[in-house]
Amino acid sequence: MKLSHALAALIIAWFADLGCIQAVTLEVKEGNSTCIKAELSATFSITYNTSSSTKTVRVPLPGSTTVDTVSSSCGTDDRSPWLVAVFGPGHALGLSFSTSGSMYSVANLTLQYNLSDASIFPEANSSDVVTVVSPSVGISATINTTYRCVSASTFGLGDAAVTFSDMRLEAYMPGNDLSTRESVCAADQTTTTAPPTTAAPPTTTTAAPAPTPPGTPERGTYSVNNRNGTVCLLAQMGLQLNVSYFSLSQNKTIQDLVNLTPNLTRSTGSCEASSASLVLTQEGSTMLNFTFTLNSTSKKYHLSGVTLLANLSDTTAPVSASNTSLDYLRSTLGRSYMCNAEQTLFVVPTFSLNTFRLQVQPFEVTTDQFATAEECQMDEDQMLIPIIVGAALAGLVLIVLVAYLIGRKRSHAGYQTI
């Protein structure tokens with residue numbers, strides 16, 4: 001029996017390693033109307049304990065996967081849309097969705113796996129059904145467009161990870177078919193190469209002017225309310241996007257700075273026990289999602305994820321970028337994080353975020369005000385500079401004074417009375 005279990009697990013891993021993973025099509029319907037549709041391939045990497053060691057298995061999402069029509073939903077006023085796919089004895093993959101009105105995103109990615117399934121988890125020392133959740137995984141798109149990501153994208157979920165590939169996905173669908181307009185993920189944009197072109201006779205053209213730097217962005221105040229209406233996250237900051245994209249007017253990849261305008265930007269988000277999110281949406285053109293994570297053991301929190309989706313006028317497709325393994329803006333629970341100096345948060349090679357006069361508190365906000373701030377190292381260094389300069393000037397004055405007194409004493413010694 002153990003041999004058959006090991007052989008089954010080996011076959012599954014072999015097919016996953018060879019890329020022989022079947023694509024599945026999943027649809028959530030309400031009556032005859034489709035509201036969520038996904039075409040994708042997925043592989044799960046899961047680590048579990050045996051009686052003597054720790055093992056890791058790779059499990060492909062099988063072609064026999066079906067939609068759980070009871071758990072899946074198109075959403076209601078008080079419930080988010082859900083796509084729940086089930087496979088095997090007690091295994092499930094879930095995606096919940098949220099929208100800002102102009103864009104939609106995967107709000108939570110959930111994986112459930114049954115350790116009593118010996119064909120996948122041979123010699124597991126537990127028979128538990130484990131559920132792991134990852135918020136704000138960075139899958140987002142403009143409303144009425146299809147999210148497309150052919151490249152492999154891996155997301156961590158506790159002791160497991162899921163890798164999606166060949167993904168085409170749309171939520172809040174207006175019709176039953178995926179939209180022909182696409183929001184392409186950052187990985188596909190950076191790996192796509194232009195097709196070869198035929199040489200043409202030289203022509204004289206005038207190059208489009210380079211974008212004018214926008215200057216320092218205005219500081220905005222943003223907040224998120226919890227379910228009872230009280231403020232649970234506070235942020236004040238000036239934000240500047242530093243993005244690289246292919247410019248249609250200049251026919252080349254350029255780097256551009258784009259300021260977020262506070263009076264055109266609205267804030268939404270959520271607050272949970274160990275995670276919080278701030279979603280900034282500017283006039284339907286830009287969505288910026290911040291995810292903060294709290295370590296309940298160390299009582300420290302940090303910015304763990306940033307997702308960008310921007311519709312720029314000089315591009316063929318929305319600019320998207322995401323990173324869910326960041327470690328910025330680290331502070332202590334019950335305090336805010338502050339950095340008045342300009343900071344650059346590197347997200348992906350094609351996108352970084354410049355912050356100005358930043359103060360944020362994603363947990364334990366009371367009386368709608370920031371708690372005592374922990375300042376960034378750059379602010380502390382800038383405070384030290386005038387102290388060091390002042391001390392150096394004081395030392396220089398003291399040296400000059402001592403030299404003057406010594407010189408004067410010597411000059412008096414030369415005129416002694418005979």
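I began with a definition: a residue is buried under 20% relative accessible area, exposed over 50%, and partly exposed in between. I also reminded myself that this is a predicted model.

**Entry 1: K29 and E27**
I looked up K29 and found a relative accessible area of 48%, so K29 is partly exposed. Its partner is E27, and their side chains meet in a salt bridge with 3.7 Å from N to O. E27 is partly exposed too, at 29%.

**Entry 2: E123 and K55**
Next I checked E123, which forms a salt bridge with K55; the closest N and O atoms are 3.3 Å apart. I then asked myself where E123 and K55 lie. E123 sits in the loop between β7 (103-114) and β8 (129-135), while K55 belongs to strand β3 (residues 54-60), so this pair ties together parts that are 68 residues apart in sequence. E123 has 44% relative accessibility and counts as partly exposed; K55, at 29%, is also partly exposed.

I found R330 in a salt bridge with D327, with 2.8 Å between the closest N and O atoms. R330 is partly exposed at 40%, and D327 is partly exposed at 46%. Then I spotted a network: salt bridges with shared partners join E39, R148, R168, E182 and D188. My count of salt bridges came to eight.

**Entry 3: a nonpolar patch**
Last, I turned to the surface, where L398, L401, V402, Y404, L405 and I406 form a nonpolar patch with about 580 Å² of accessible area together. I placed L398 in helix α3 (residues 377-413). Is L398 buried or exposed? L398 counts as exposed because its relative accessibility is 52%, and the cut-off is over 50%.

How values were computed. Residues are numbered from 1 along each chain as its sequence is written. This is a predicted model: local features need pLDDT of at least 70, side-chain atom pairs count only at pLDDT 80 or more; totals for chains, interfaces and linings use all residues. Side-chain values use heavy atoms; hydrogens and water are left out. Patches are made of residues with over 30% relative accessible area and no salt bridge: like charges are joined within 9 Å, nonpolar side chains (Val, Leu, Ile, Met, Phe, Trp, Tyr) within 5 Å. Accessible areas come from the Shrake-Rupley method with a 1.4 Å probe; for residues, only the protein chains shown count as cover. A salt bridge is a side-chain nitrogen of Lys or Arg within 4 Å of a carboxyl oxygen of Asp or Glu. Helices (H or I, at least four residues) and strands (E, at least two) are DSSP runs, numbered from the N terminus. Buried means under 20% relative accessible area, exposed over 50%, partly exposed in between (1.4 Å probe, protein chains only).
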